Structure formats: C-alpha cells, structure tokens
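This briefing sets out the chain contacts, the secondary structure and the domain layout of the complex shown below.

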Amino acid sequence: MANNQKNYDFHKESHTEPLEINMGPSHPATHGTVKFYLTLDGETIKDIDVEIGYLHRAFEKECELQHWSGIFPYTDRLDYTAGVLNNVGYALAVEKLIGIETPERCKYIRVIASEMGRLSGHYTNLAACAMELGALTAFLYFVEAREYLWDLIESFCGARLTHNYIRIGGLTSDLPDEFPESTEVVFKKNEKLYDDFAKLLLKNRIFLDRMRDTGGISAELAKEWGFSGPCLRACGVPFDVRKSEPYLVYDKLDFEIPIGSTGDNFDRFLVRMDEIKQSIRIIRQCLKQIPDGPINVDDPMWRQPSKDDINSDMESMIFHFKNVIEGQKVPEGEVYHAIEACNGELGFYLVSNGSGSPVKCRVRPPSFPMTSALPIMVKGSLLADLIPTFDMINLIGGECDR
Amino acid sequence: MIGVVDLIEVLVKIGFIVVLLVGVFAPVLTWVERKQSAVMQDRIGANRADVFGFRIIGLLHAAADAIKLIFKEDFIPRGADRTLHTLAPIMALIPAILAFSVIPFGGTYTFGDREVNLVIANLDVGVLFVFAITSLATYGVFIAGWSSNNNWALLGGLRASAQMFSYEVTMGLTIIGLVMFYQSLSMVEIVAKQDIFWHWGIIWHWPAFILFLACAVAENKRIPFDAPEAESELVAGYFTEYSGLKFVMFWTAEFIEIVTISALCVVLFFGGHHIPFIADAKLIDCFSSLGANIANLVAMVIGVTVFVSKLAIIIFLQMTIRWTMPRFRYDQIMKLGWKMILPLSLIWIFVVGLGMLTNLIPRI
Amino acid sequence: MAITVKKVDRNVDMTLWERMYIPEMICGMLITWRHFFLNFVGLFLEEVGGKHYRRIATVYYPEEMPIVPVAYRGRPVLVRSKNGIEKCVACGLCEAACPPNCISIIGGERPNGDRYPDSYVLDGSRCIFCGFCEEVCPKEAIVMSHDWKNLCEYNRSKMVYTKKELLYPERNLQKRFDVLRDKYFSAYRYRQSPNLKTEPKE
C-alpha cells in the first residue's frame with residue numbers, strides 16, 4: 001500500500017500538482033497595488049510571493065527636485081487615507097533639522113489634525129476589512145462616518161483628501177471659529193455609527209470566526225520583522241511613538257494604548273477600533289486645552305509673510321521672492337524623525353546640504369515590514385484567510401511603494 | 001385524454017408563472033436589492049435612468065440594465081469549452097424556473113362544474129420534485145466554473161458544487177419533520193392542511209424553518225454563504241468569465257431562486273395563500289351574494305395577492321440577511337452544514353416523531 | 001511618562017447566546033432595519049417638505065449642490081480687477097512655487113510701464129490644487145476659487161486653461177480675499193482661540 005510508505009508524496013502518487021495562481025494586481029482584494037503569486041494546494045496556501053511596486057511614483061526622487069516646502073503636497077499622497085499625518089511627520093522632521101520650535105497653539109492644532117488623519121485612516125481600513133468579508137452595510141456606515149470627518153477636515157484645510165495643511169514652522173490656516181461645536185456634532189454622529197458598526201460585527205459569530213486565530217504572528221517575530229503600530233500592539237507590545245518618544249504635545253494628553261494578546265487579525269481589528277475611541281478622546285482634550293496664540297513661528301525665514309507686509313515692506317518682499325524662488329535654506333545635516341502614523345512608525349530621514357532642496361528624502365513606510373512578513377503569516381492557512389490578514393496589514397500602495 | 005380547456009388552463013398558469021418570475025420578480029428584485037440596501041446604508045440608490053424625464057424612483061434601472069447587458073459583447077475566453085460555456089447558464093436558469101411548477105400559488109376554486117387548482121402540476125411528490133430539480137442547478141454552476149478555463153472560476157465552481165451538494169442533503173432532512181406532520185409530500189395537500197392557522201408550519205416547526213432558511217440561502221449561494229462567488233476572494237467565482245446575456249441568465253437564476261425559496265417557505269411554513277383565521281370556504285362565503293363564480297374569482301384574486309405579499313415579506317427578510325451578514329469561510333460553511341445543521345435536523349425529526357408518538361403534536 | 005495600557009476585549013468565550021448565530025443575527029438585522037425605516041420615513045417626509053427629517057448623507061448632486069467651506073481650494077483663477085484688467089504682474093513666483101510645474105507665464109509690458117502676463121497658461125490636467133500659487137502671490141492675483149464644476153474633460157488639450165479662461169471677476173472672490181487676509185497669512189500674529197473667549201493679551 002502506498003499509504004504505508006514513509007515518504008509518501010500525495011501529489012506525486014496521484015499525478016496532481018499545486019495550482020499556481022496570480023492574485024492581483026487587478027483583483028478586488030488587492031486594490032490594484034500589489035500582486036500575490038500563490039501556490040495553492042486545494043484551498044490551502046502552500047507558498048506566497050508578494051510583489052509590490054505597482055504604485056511606485058518615485059516619491060523620493062521627486063522630492064530631490066522640489067523645494068523643502070514644495071514637498072508637502074507630495075507627502076499627502078503617501079498614505080492617502082490619512083494625508084495630514086504625513087504632512088505632520090515631514091514638517092516635524094524638517095523642523096528638527098532646522099532646530100525650531102513651533103508655538104503651542106500650532107502644536108495643539110497639529111495634534112488635532114493628525115488625530116483626525118488617524119481617524120480617517122482607521123475608518124477606511126476597518127470599513128474596507130468589513131467590506132472584503134462581505135459586510136457591505138458595515139462598510140458604508142464607516143464610510144459615512146469618514147465622510148462627516150472629511151467635511152470637518154475640509155472646513156479648516158480646504159481639501160478632503162489632499163490636505164496640504166502643515167507648513168514648515170506652522171500651518172496654512174487656523175481653525176475656523178465654529179470648529180469646536182461642529183466637531184462635537186460630527187463626533188456625536190460618528191459615535192452612533194461606531195456603535196452600529198461594532199454591534200454588526202464584533203458580536204457576530206461569523207465575523208469572529210473569520211478573524212480570530214487567522215494571520216497571527218508572535219511578538220518576537222513581529223519585533224524581528226520590524227512591525228510597528230496596531231499590528232505590533234496586537235501582539236501585546238505596548239509600543240507607540242506617541243508614548244515612547246512623545247512629540248508635539250502628546251505628553252500632556254491623557255490617552256491609553258490598546259494592546260492585544262495574540263497578534264491575530266481580530267486583535268488588530270480591536271486595537272484599531274479602540275484607537276478610534278482614543279483619537280476622539282485626544283481631540284476632545286485638545287479642544288479643551290488649546291491655548292490662544294500664534295500658529296506660525298515668528299521667524300521671517302520660516303513663514304510666509306502676510307500680504308500686507310509684502311505690499312508695504314520692501315525687505316519683506318525681496319525676502320519673500322528669494323524664499324520662493326530659491327527655496328527656504330535648511331541648514332546642512334541629516335535627521336530622522338518618526339511619528340505614529342495610522343499604520344505604525346512613519347519615519348522621515350532627510351539629508352540637507354544647505355540648499356533649497358533636500359539631497360535625500362527617505363521615508364520609512366509603516367506598512368512595508370508588515371507586507372514583507374505576510375508570507376509567514378498566511379502560509380499554511382486557507383485562501384480566504386489571506387483577505388482579512390492583508391486587510392489588517394493595511395498595505396497602502398502609495399505609502400509602501402512610494 | 002387531455003381536453004382543450006385543460007390545455008388552455010395549464011398554459012395560462014405557466015404563462016402567469018413565467019411572466020411573474022422572469023418579467024416581474026427578477027427585474028423588480030434587482031431594483032429592490034439596490035434600493036433597499038441603499039436606504040439601509042444611508043444612501044439614496046440608483047435613480048438616474050429616465051424615460052422622458054420620468055424616473056419612477058429608479059425602477060427603470062432594471063430595464064436599462066437588461067438592455068445594456070443584452071447588447072454587450074458575448075465573450076468566450078480563449079481555451080474555454082464553447083459548448084459547455086454556452087450551456088451552463090441555461091442549465092442554471094431552467095431548474096430555477098422549473099421548480100416553481102409544483103408550488104401552489106392559490107387554492108382550489110370551482111367555476112361552474114370545473115375545478116381550477118392554482119398549481120401547474122399537482123404532483124404527489126411535489127416536495128421531492130423541488131429538491132430534485134434544484135439539485136440540477138449545481139451542474140450549471142459547476143460546468144460554468146469548469147468550462148471557463150479560468151482558475152478563479154474553477155475554484156468557485158469547486159466550492160459551489162461542494163457546498164450545494166452538502167446543503168441539499170441537509171435541506172431535504174430539515175423538512176422531513178414537516179412532511180411527517182402533514183403526512184403528505186404533495187404541496188397542494190400541505191397547503192390545504194394549513195387552512196387552520198394553528199396548523200401552520202411555522203407554529204409547530206419554527207426550528208425547522210430556521211434550519212431550512214439557512215440551507216436555502218446556502219443553496220442559493222448568497223451572503224453569508226456566498227463563498228463560491230466571494231467577490232474579494234475569487235473575483236466573481238464561477239461566473240467570472242461571463243458577460244452579456246449569459247451573465248443575465250445567471251443573475252436571473254439567482255433572483256428566481258430567491259423567489260422559489262421564499263415560495264417554498266410560504267407554502268411549507270406560512271400557510272400558502274391562506275389568510276390567518278379565515279378559511280377558504282369562509283372567504284368564498286363572504287362573497288356568495290355576488291354569485292358562486294364571481295365569489296370564487298374574488299377569492300382567487302385575494303388568495304394570489306396574499307401569497308405574493310407573503311412572498312414579498314420573506315424576500316425582504318432574505319435581502320436583509322444578505323446586507324447584514326459578513327461572509328463565512330469556505331471550511332466553516334462545510335462545518336456548519338455537516339456538523340451543526342445536519343445533526344440538528346436529525347434531532348428535529350426525532351423530536352417530531354416522539355411528539356407524534358406521544359400525541360403532543362396533533363395528527364392532522 | 002508611564003504608558004497606560006489597555007487590553008482589548010477579545011471575547012474568547014462566546015456566550016451560548018452568541019454561539020447560536022441566530023440571536024446576534026437578529027440583533028444585526030434590527031440595526032439595519034432601524035436605519036432602513038428611519039431613512040425611509042425621512043425620505044418620505046423630505047418629499048412632502050420636511051427637509052430636516054432627512055437622514056441620508058448622500059448629496060443628490062445635480063439637483064443639490066454640496067456646500068463648500070470658505071477654506072475650500074477649487075480651480076485656481078486669475079483675478080480681474082474692477083477696471084477689467086488682470087491684477088497679475090507676471091513676477092513668476094507662482095511658476096516657481098508650483099510643485100507640478102503646471103503654470104507657465106510669458107510677461108509683457110504695457111505702454112505705461114506696468115507689467116502684465118502676455119500669456120498665462122495653467123495646465124488643469126497637471127494642477128494638484130495645492131494652493132501654493134495663491135500662497136506665494138504677492139499681488140493676490142491668483143486665488144483658489146470655489147469653482148469645482150466642469151473641471152473634467154474628455155480631451156486633455158481642453159484642460160489647458162489660458163488667460164481668457166482663467167480670468168475671474170474680483171467681486172466674486174471677496175470672501176476668499178477675506179479668508180486669505182484674515183487667516184492665511186497673518187497667522188504668525190496673535191489670534192484668539194475660538195473656544196476660549198478671553199481678551200487678547202498685550
């Protein structure tokens with residue numbers, strides 16, 4: 001009997017071979033930004049090869065051709081679900097290189113803006129995950145919540161998706177006068193939608209069975225692969241850049257770091273769900289604590305002069321022309337600064353030679369390490385498990401491929 | 001010897017069913033699914049198609065879709081089996097319509113000396129016939145997946161055949177208790193016995209109803225059991241490579257199956273055309289002042305209307321399930337079918353048998 | 001600073017209630033039904049005049065227009081002042097600041113010595129609506145209008161806006177100028193926080 005032999009190879013004996021299949025880039029689950037080369041044994045994934053780079057737009061090269069301030073619109077397109085966060089990360093890196101400190105009010109507004117970015121990123125991610133597991137109604141509830149949030153973002157920065165809100169040494173504009181009230185209205189609506197979303201999914205056994213114990217990774221492996229953000233925190237490692245290296249005013253704010261225990265998809269989902277609550281809490285605190293004051297540094301080198309100054313003051317005007325045409329001259333040196341983006345640690349490594357453009361602008365994309373660890377997370381599981389795992393990694397093409 | 005009048009009667013009934021299914025239910029259901037889901041999800045939904053400025057809250061989209069799909073290119077991928085690829089949607093559509101032939105959509109009415117029974121074929125084994133016919137739909141689905149020469153379609157076809165075969169067994173077993181209760185396999189007889197409200201299937205057999213509905217939704221491959229066509233996993237599953245009119249056929253088959261399942265539910269569990277507490281004879285009596293023939297006609301119209309309204313409610317329930325639930329994983333579907341629903345339905349058969357033996361459940 | 005950690009509730013031991021699929025399914029359906037009926041009633045009431053009963057978030061586009069906030073960045077336009085000529089003096093700052101290089105200007109000189117743009121071409125298919133042109137312009141001559149309609153074309157060559165298409169009367173942009181002067185560029189000065197209605201300090 002062939003079955004009794006020790007080195008019995010089923011595939012060889014039965015003259016079958018694994019099914020090799022291309023998943024993506026034009027596949028509903030891969031959003032056109034990634035390709036999986038799968039080797040399937042029935043429905044089980046035997047091998048997976050992740051191919052990224054379908055959304056490569058030469059961001060880092062493009063930055064070398066722009067002035068320091070002209071890079072902001074490009075950073076919007078890194079993690080396009082949370083544009084403000086990238087703005088903040090880049091601005092903080094440049095400010096660290098220059099060595100300037102923004103006023104207190106500016107810091108608070110930056111925290112508000114970046115938490116709104118985090119909210120929008122998490123809403124998008126969780127909604128997309130729900131949709132890909134078939135729960136389209138839950139998807140649309142969070143998309144609706146995101147829509148209200150974007151209305152809010154639009155009211156202070158003028159755009160819904162590509163915010164371009166932060167500047168070196170400050171912001172483009174202050175919050176509108178009625179902002180705290182409208183924020184409260186939006187948060188009330190969003191909390192209701194959040195409850196509906198949570199009730200639809202988190203108690204539903206179908207959803208629980210799909211998410212629990214799939215795509216798990218141990219804390220040690222996660223650290224080795226360079227995980228950060230919700231995926232690392234789901235493993236039980238309380239690492240959050242906002243707490244471990246507080247930037248802006250995060251050390252003055254009271255919020256919790258949600259962590260999971262096993263590092264599977266369900267923990268990642270819950271961690272993100274809880275971060276939405278924490279973000280709303282942070283924004284509410286900020287709106288209470290926010291002081292009066294200027295929003296830009298009062299240094300002519302690092303701010304746009306007012307139109308009145310340009311019209312009335314010759315020096316201002318000449319300085320403005322020089323600043324715009326040659327670019328603001330950032331001192332020589334190199335710097336790395338990381339912030340907590342909605343997928344994890346978003347780092348900017350900048351090198352300056354004292355000219356108006358960076359020599360090198362390298363981004364540490366948070367979703368890249370997770371994507372590279374995808375094979376060890378899904379190997380041996382079913383094809384259907386790839387979907388929630390890939391969703392919870394939250395590969396954003398613009399950020400991962402740059 | 002079949003008389004001309006008999007022939008006309010059967011043709012009228014067939015015409016009514018086909019028009020109702022293909023002409024009314026299938027297009028309206030596409031509209032209902034869009035509009036209901038939209039309103040449920042805080043949206044407005046499709047309402048742009050118009051004829052001379054009349055939009056009729058988006059109802060014309062069904063017609064617009066049909067026209068668009070009919071004129072689309074009929075694409076057959078390279079390497080596909082042309083014959084089977086063309087045959088598959090037909091094989092999926094025909095059983096769906098055929099299953100309706102034994103479902104009574106009204107009672108028995110007398111016009112003069114002629115008895116009209118509102119069912120196309122009054123088979124003694126109607127229940128078995130429905131299951132036999134619906135299991136044929138598996139072939140259409142599987143052949144579609146196989147003949148498309150596409151890996152996703154093949155995976156979808158495999159999943160579909162495994163799922164449909166497993167759930168057929170279970171679906172049959174879920175209503176054995178009901179058949180024992182009514183002591184008949186004939187649909188007409190089952191409906192006739194539900195004349196009294198306390199004899200409705202749902203009252204005595206509500207666990208069977210839940211199990212049956214779960215199996216039926218799984219049989220129809222809709223969320224939460226839509227693993228064979230899971231959009232985010234298998235692109236579109238077994239009909240990935242279908243376009244134009246063939247795609248319409250699959251689509252129509254799916255919607256007609258919804259109607260068939262709902263009709264089965266109505267007939268087996270919700271008393272068919274009966275209004276609660278009002279028996280057929282009583283209803284005809286109410287209108288007896290108009291003359292026997294007209295009274296029968298009025299009762300017939302009321303009966304069919306009641307049947308269709310019940311149908312609509314069950315369809316609405318199914319649609320809500322489709323828009324509320326996430327999707328099962330493929331192995332979980334199998335586990336649910338074989339390890340939960342099958343034992344539960346067997347237990348239910350046992351319980352019903354025990355109940356009838358001890359006269360706790362009445363014999364009717 | 002101590003890290004406050006909160007462990008998420010994984011709900012590992014499902015109650016029998018949750019294990020049975022059906023009860024939670026019904027709970028879910030109650031939510032969707034609630035949305036359905038509230039929206040349905042809202043849509044119906046809206047038809048008969050009760051606009052504020054509407055709960056649906058969709059903007060019903062050609063019939064309804066979205067209301068954009070004052071900070072909104074729409075199509076960049078050249079300001080035409082009251083005497084009918086453009087404010088632009090062809091200094092080229094917007095050209096230099098534009099990240100995707102979508103602006104190209106050829107300057108000219110009027111008989112009285114004033115500079116003006118002989119040709120001002122803005123490639124709408126390249127523009128990313130970042131608002132840098134508006135930010136750097138010393139003359140308030142190019143601003144982001146609230147114009148967002150009909151920006152799409154089937155032909156890219158139609159999206160290249162020349163001076164004629166870009167000019168926009170000044171009186172329609174007054175709101176935007178106020179925003180610019182008030183918030184955009186005097187931001188490094190002292191500003192009162194909207195929620196703390198305190199007197200500004202000296």
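pLDDT is the predictor's confidence in each residue, on a scale from 0 to 100. The model is predicted, and the predictor assigns the complex an ipTM of 0.83 and a pTM of 0.87. For chain C the mean pLDDT is 77, with 86% of its residues at 70 or more.

**Confidence in chain C**

- Residues 187-202 of chain C have a pLDDT below 50.

**Interface of chain A with chain C**

- In this interface, 65 residues of chain A are in contact with 52 residues of chain C.
- Several elements of chain A each supply at least two residues to the side that touches chain C, including the helices α3 (72-76), α7 (179-201) and α12 (265-289) and the strands β5 (170-171) and β6 (257-259).
- The most is given by α6(A), with seven residues.
- The side of chain A that touches chain C comprises 29 nonpolar, 18 polar and 18 charged residues.
- Strand pairing also links these chains: β6(A) is joined by three bridges to strand β1 (residues 5-7) of chain C, and the two strands run parallel. Within this pairing, Ile257(A) stands opposite Val5(C).

**Interface of chain C with chain B**

- Here 15 residues of chain C are in contact with 11 residues of chain B.
- On the side of chain C that touches chain B there are nine nonpolar residues, five polar residues and one charged residue.

**Helix packing in chain B**

- Helix α4 (residues 126-147) and helix α5 (residues 151-174) of chain B pack at an angle of about 170°, and their axes are 7 Å apart. Angles over 145 degrees count as roughly antiparallel, so α4(B) is roughly antiparallel to α5(B).
- From α4(B), the contact draws on residues including Phe131(B), Val141(B), Phe142(B) and Trp146(B). Among those supplied by α5(B) are Leu154(B), Leu158(B), Met164(B), Phe165(B) and Met171(B). Glycines also take part, among them Gly145(B) of α4(B) and Gly156(B) and Gly157(B) of α5(B).
- By class, the residues of the contact of α4(B) with α5(B) are 12 nonpolar, seven polar and one charged.

**Sheet in chain A**

- An open sheet of three strands in chain A has the order β1-β2-β3, with antiparallel pairing.
- The edges are formed by β1 (19-23) and β3 (44-51) of chain A; each has a single partner strand, so one side of each is left without a neighbour in the sheet.
- On average, and with direction ignored, neighbouring strands of this sheet are turned by 20° against each other.
- Five bridges connect β1(A) with strand β2 (residues 35-41) of chain A, and these strands run antiparallel. Ile21(A) has Leu38(A) of β2(A) as its bridge partner.

**Domains**

- The domain assignment divides chain A into domain 1 (59-99 + 102-296 + 331-400) and domain 2 (298-323). Their C-alpha centres lie 34 Å apart.
- Six residues from domain 1 of chain A and four residues from domain 2 of chain A make the contact between these domains. The domain 1 side of that contact consists of three nonpolar and three polar residues, with no charged residues.
- For chain C the domain assignment gives domain 1 (16-67) and domain 2 (76-192), and the C-alpha centres of these domains lie 43 Å apart.

Notes: Residues numbered from 1 in each chain as written. Chains lettered and ligands numbered in written order. Predicted model: local features only at pLDDT ≥ 70, side-chain atom pairs only at ≥ 80, totals over all residues. Contact = placed C-beta atoms within 7 Å. Helix = DSSP H or I, 4+ residues; strand = E, 2+ residues; numbered from the N terminus. Nonpolar A, V, L, I, M, F, W, Y, C, P; charged D, E, K, R; others polar. Pairing = 2+ DSSP bridges. Axes fitted to C-alpha atoms, helices over the stretch in contact; angles between N-to-C directions. Parallel < 35°, antiparallel > 145°, perpendicular 65-115°, else oblique. Domains from an automatic or database assignment.
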